[in-house]
Amino acid sequence: MSRKNIQLKIKELKTDVASIKDLELSFGRLITETWTETMGPTPFPSITTLREWDHKLLQRYKPFYMPYCDVCCLCTFGKCDLTAGKRGACGINMAAQQSRIVLLACLIGASTHTAHARHMVEHLIEKYGHDFPIDIGGINIEVEAPITRLVCGVRPKTLGDLEEALDYCENQITNLLSSTHTGQEGDNIDFESKVFHAGMIDHIGLEVADIAQVAALGFPKADPESPLVDLGYGTIDSQKPVILCIGHNVVPATGIVDYLKANGLYGEVEVCGLCCTAHDVTRYSPKAKIVGPISWQLRFIRSGLPDVIVLDEQCVRTDCLLEAQKIKAPVIVTSEKNCMGLPNRTNDAVDAIVTDLTEGKVSGVLILDPEKVGEVVARTAVKVAPDRKKFKAIPNVEDIVAGAKTCKKCNDCRRACPQDLHIMEAVTEASTGNLDALASLYDICVGCGRCENACEVDLPLHSFIVKAGEKKLKEEKFKVRSGRGAIQDVEIRNVGSPIVLGEIPGVLAVVGCSNYPHGGKEVVDICQEFANRRYIVVTSGCAAMTAAMYKNEEGKTLYEMYPGSFEAGGIVNVGSCVANSHIAGAAIKIANIFAKRNLRANYEEIADYIHNRVGAVGLAWGAYSQKAAAIGAGFWRLGVPVIVGPHGAKYRRMLLGRKDREEDWFVYDARTGDRVYVGPTPEHLFYAAESKEEAMVMIAKLCMRPNDTTRGRAIKLTHWIDLHKRLYGTLPDDINLFVRTELDIPITMKDEIHKILEEKKWKENRIPDPTLLPRMIRKRKEGA
Amino acid sequence: MATAEPWQKAEIPGPTKALVITKPEVVVAMVKKAKRPILIVGHEAAETEMGNKKLIDYAIRISQVGKIPMVTTAHVVGEFVKKGFQPAAFMPAVDIANRLVDSEWKGLDGNGQYDLAMFMGITYYMEWVLFSALKHFGQNLKTISLDRYYHPHASWSFPNLSAEDWAQNLEVIIGKLGGE
């Protein structure tokens, strides 16, 4: 591994042959390399290094832009009207402007993950040292950082080694961001290539953050049987002081757990979390509890249960301080990225801070030292809990009925609601004393609070819904498997062949946020459907929590019903957002460990392998964030398709294949160099589905790959056609595009498929050794 | 000129907003003037109640009396088949919109691109961005929203209507499309 910025100074040296005075040598990078794998063609790729690969994908999956509005307002020339072919004052057109916005979103995401990783690595180096080894799975993980190896061409062995990867990410993000300045890039396809680059960088940031914390903080290490931990409001003991941590960076939460443990308080105080910090604090300590996904922030704070609220970074409601004040809970902010206007008390004495917080002299403080956070938070929670008596900001039924009677019937609540919920009608019904209609909104509400902001008479409408759904809230008691981290090398060896040959019908990654169109039950249904069909289902982030939030008749959640191993029929929670790196990592490891493809700085070849052979699909059903966009972009560059829910259409750009354009679906046969038609496999790279049913059918369809064996393709066709018949009520109308040979046809469907093939004048084709890269052709010489 | 507000109030489109359909006869005239109209119907058509009918029933009648080919989106095709109606095609909403912005596309029947696309039954916020895509990139394409709420990115849209007024407007369109 390399070390940067080595300096050697010699003040004076006299030998028999020479005399040296004031010699100063500076090395930009010193390589002390032990990795014997040959360096691949693209170490530390610049913005344009992989441009040709991007253009190959973008030629097939052309951007389809769906602007949010007609104007650009990014500089003082504007606003500029870009409607229908007009150009702005700088010369930009709508396609370039939309791709520029997509790039900006992905850069926000990539910089957020990278900055998170930088903070994590610096903190852990300070605590454990540069040379702390990166062990994320003992002998089960030899390829510990597949993304970093693939992109950078380096193999990090210690925490200190990770800094080089982060240096690279920060450099690339800066360059990419500069390209969005007015008067820089002007071509939409080149913007899109930069989007892919930002996504690839994002994945390094994810990987660095997660492997650093797994290694140093003792998280489960690639453990398929990681502990089942508590999830839900109902699991939290309201008799104890409750500390709520919100965000994504677990460092402050570890300080709290450490202090409580060291002082014998851990059993006396509840530590719980919302969003990805919740995942990671349970990975740190399985006794900690998960409240729920990001959309539970308002309802949980207003319930009055938390006695102290600790905010770190990302996806934290920016009005948390105001909400906390409503329930008289002190707030401790812990990240330079999210100071909330609070005074920096990092260097003050703990006693003084605790006194100020418990006596209400300040509503919150900023503390940037995680150990001090631990002590302040724990002591404050213990002290304020008896006085607070779980003071809540949820109205009682009488207040709701009285408030509902003041409703002006303007319907602005519904028109502000992203879900178009019929709030006004529910309030009207509540005015008669019946809260059933309000209660029916509880499961679908995404907890944004926009209805309240729109209300002319300032009714706390979200709180009305929470109160009406209180019984459900209190009954939320679930088990989720704690985030396991990476996929073991041996698991990859076991499933590599059946995945690549198509006999495991696909890998479905259910990831992302909780901006679901119709509540979380749809996520549960999708996970269960595909696990039952023996797909490998991987979960992460808020979606992993949502997947746990329903029980079967025996009272078991999906994580209690299905194994946590990376195998057919498994439901595998890898962990928080940054653990998404292990999903990309698993795809990369299939190419490396199973197929023996060189990994080191060999991006194009590995992405080509994954795109043509690994039937993996991402589903971000409730994606809302810029980070989700960046994670998606990293998968796009690897050639892995991503589906989003209908809200995902607001990302403003899809990457859609055209199955009706036969010329788009040719690959090279690596054996002969022939160009062979392989059908639209996979048909799309980024795609918004309108309904759960549409998404489910498309998941099965997008798992098909050119390399599928006939047996594998028959299995995949069976699932796709079966789902189509059940959910659409008809046969697909494009089966002919996915049947290559007679042997592809599922035996049980032969008659009906033959009929379609005859109508479509289908002709048998051959199955190539598929690649999009001419350099991968092993063309035999004539006569050889 | 009549004006209207987007149903979701924050959805402000920009300088170019849909003309408001103040009389359903406007739609009839647009369809009759069009050389190649198409009707796109989303999954909410099967869920949206309109008195004793559903939106799907209106969609079928508009397609039949206007002889307008219908593309259904999402998973709703089976509901049409159950009612004895076979749409011209079914495909994801983003797919049909993507084809409508391609000047080279030959249409469902191979006879060329469409010049008028009418939409109904797709979730408001998704239809919003689909109309936007067509506004900006659909060459020589006019769009009409037949949904209940104002869609400013369309070329023409109803204002926000009561359920009764909406049904009445659709009845007029069906009645007059079938006439001379």
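In the predicted model, Met340(A) is buried, because 20 other C-beta atoms lie within 10 Å and a residue counts as buried when 20 or more are found within that distance. Met340(A) belongs to the loop between strand 11 (331-333) and helix 10 (350-358) of chain A. The backbone of Met340(A) has a phi near 55 degrees, which is a positive value in a residue other than glycine. A second residue with a positive phi is Lys389(A), where the angle is near 50 degrees. Lys389(A) is placed in the loop between helix 11 and helix 12 (397-404) of chain A. Most residues other than glycine have a negative phi, and most peptide bonds are trans.

Lys79(A) lies in the loop between strand 4 (71-72) and strand 5 (80-81) of chain A. Pro682(A) is located in the loop between strand 21 (675-677) and strand 22 of chain A.

The arrangement of chain A is considered next. Chain A is divided into domain 1 (1-32), domain 2 (34-217), domain 3 (233-388), domain 4 (397-459) and domain 5 (480-771). The centres of domain 2 and domain 5 of chain A, taken over C-alpha atoms, are separated by 23 Å. To the contact, domain 2 of chain A contributes 58 residues and domain 5 of chain A contributes 49 residues. On the side of domain 2 that touches domain 5, at least two residues each are supplied by helix 1 (51-60), strand 3, helix 2 (94-128), helix 3 (146-152) and helix 5 (188-217) of chain A. This side of domain 2 of chain A comprises 35 nonpolar, 14 polar and 9 charged residues.

Helix 2 of chain A also packs against helix 25 (residues 626-637) of chain A, with the axes 7 Å apart and at an angle of about 95 degrees. The two helices of chain A are therefore roughly perpendicular to each other, because angles of 65 to 115 degrees are classed in this way. Helix 2 of chain A provides Ala105(A), Cys106(A), Ile108(A), Gly109(A), Ala110(A), Thr112(A) and His113(A), which meet Gln626(A), Lys627(A), Ala629(A), Ala630(A), Ile631(A) and Ala633(A) in helix 25 of chain A. The residues of this contact divide into 8 nonpolar, 4 polar and 1 charged.

A further helix pair is formed by helix 6 (residues 251-262) and helix 11 (residues 370-388) of chain A, whose axes come within 7 Å and cross at roughly 55 degrees. Helix 6 and helix 11 of chain A are therefore oblique to each other, and their crossing is right-handed. Among the residues of helix 6 of chain A that take part are Val251(A), Pro252(A), Ile256(A) and Tyr259(A), while those of helix 11 of chain A include Pro370(A), Val373(A), Val377(A) and Ala378(A). By class, the contact of helix 6 with helix 11 of chain A has 9 nonpolar, 3 polar and 3 charged residues.

Helix 24 (residues 603-613) of chain A is mostly covered, with 11 of its 11 residues buried. The buried residues of helix 24 of chain A include Tyr603(A), Ile606(A) and Ile610(A), and also Glu604(A), Asp608(A) and Arg613(A).

Between the two chains, 34 residues of chain A are in contact with 34 residues of chain B. Two or more residues each are given to the side of chain A that touches chain B by strand 3 (62-65), helix 13 (412-416), strand 19 (653-656), strand 22 (684-688), helix 26 (692-702) and helix 27 (710-728) of chain A. Helix 13 of chain A gives the most, with 3 residues. The side of chain A that touches chain B holds 19 nonpolar, 5 polar and 10 charged residues.

Within chain B, Phe131(B) is found in helix 5 (residues 124-137). Phe131(B) counts as buried because 27 C-beta neighbours lie inside 10 Å. Apart from neighbours within four places in sequence, Phe131(B) is in contact with Thr143(B), Ser145(B), His151(B), His153(B) and Ala154(B). Phe131(B) and Asn160(B) are 29 residues apart in sequence and, from C-alpha to C-alpha, 17 Å apart in space.

Terms used
Residues numbered from 1 in each chain as written. Chains lettered and ligands numbered in written order. Predicted model: local features only at pLDDT ≥ 70, side-chain atom pairs only at ≥ 80, totals over all residues. Axes fitted to C-alpha atoms, helices over the stretch in contact; angles between N-to-C directions. Helix = DSSP H or I, 4+ residues; strand = E, 2+ residues; numbered from the N terminus. Parallel < 35°, antiparallel > 145°, perpendicular 65-115°, else oblique. Left-handed = near helix turned anticlockwise from the far one by under 90°. Contact = placed C-beta atoms within 7 Å. Nonpolar A, V, L, I, M, F, W, Y, C, P; charged D, E, K, R; others polar. Domains from an automatic or database assignment. Buried ≥ 20, exposed ≤ 12 C-beta atoms within 10 Å, placed from the backbone.
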